[in-house]
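Let's walk through this model together, with the charged side chains as our guide. Have the structure open and follow along.

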Amino acid sequence: MEHNSEKPANGRKAAIEEQARLRRERAAEKLRENLSRRKQQTRARRSGEADQTIGLPAAKMDES
């Protein structure tokens, strides 16, 4: 007699591994985006151009 309880466990394990793989891919993509943005900021500073950012979000004051 075969045990059917092994297949769902393997399926769950595969689903968890797939989720982990997707999470790692998303994290890697975010790191690449961040690195690219930081390199662009560094290049802009070297060439004397202003950064595209406008202050810090936490430092904004109400202008009324």
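Helices (H or I, at least four residues) and strands (E, at least two) are DSSP runs, numbered from the N terminus.

Before going further, a word on what you are looking at. This is a predicted model, in which local features need pLDDT of at least 70 and side-chain atom pairs count only at pLDDT 80 or more, while totals for chains, interfaces and linings use all residues. Residues are numbered from 1 along each chain as its sequence is written, and side-chain values use heavy atoms, leaving out hydrogens and water.

How exposed are the two partners? Glu-25 counts as partly exposed because its relative accessibility is 41%, and Arg-21 counts as partly exposed at 33%. The cut-offs are these: buried is under 20% relative accessible area, exposed is over 50%, and partly exposed lies in between, using a 1.4 Å probe and protein chains only.

Now move along to Arg-32 and Glu-29, which form a salt bridge with their closest N and O atoms 2.9 Å apart. Because these two are three residues apart in helix 1, about one helical turn separates them. Arg-32 is partly exposed at 49% relative accessibility, and Glu-29 is partly exposed at 35%.

Glu-33 and Lys-30 make another salt bridge, at 4.0 Å from N to O. They too lie in helix 1, three residues apart, about one turn of the helix. Glu-33 has a relative accessible area of 35% and so is partly exposed, whereas Lys-30 reaches 56% and therefore counts as exposed. Elsewhere, salt bridges that share partners join Glu-18, Arg-21 and Glu-25 into one network. The structure holds four salt bridges.

Finally, step back to the whole chain. Its secondary structure comes to one helix and zero strands. Of the 64 residues, 3% are buried. The chain exposes about 6,600 Å², with carbon and sulfur atoms supplying 53% of it; accessible areas come from the Shrake-Rupley method with a 1.4 Å probe, and for residues only the protein chains shown count as cover.

Note on methods:
Salt bridge = Lys/Arg side-chain N within 4 Å of Asp/Glu carboxyl O.
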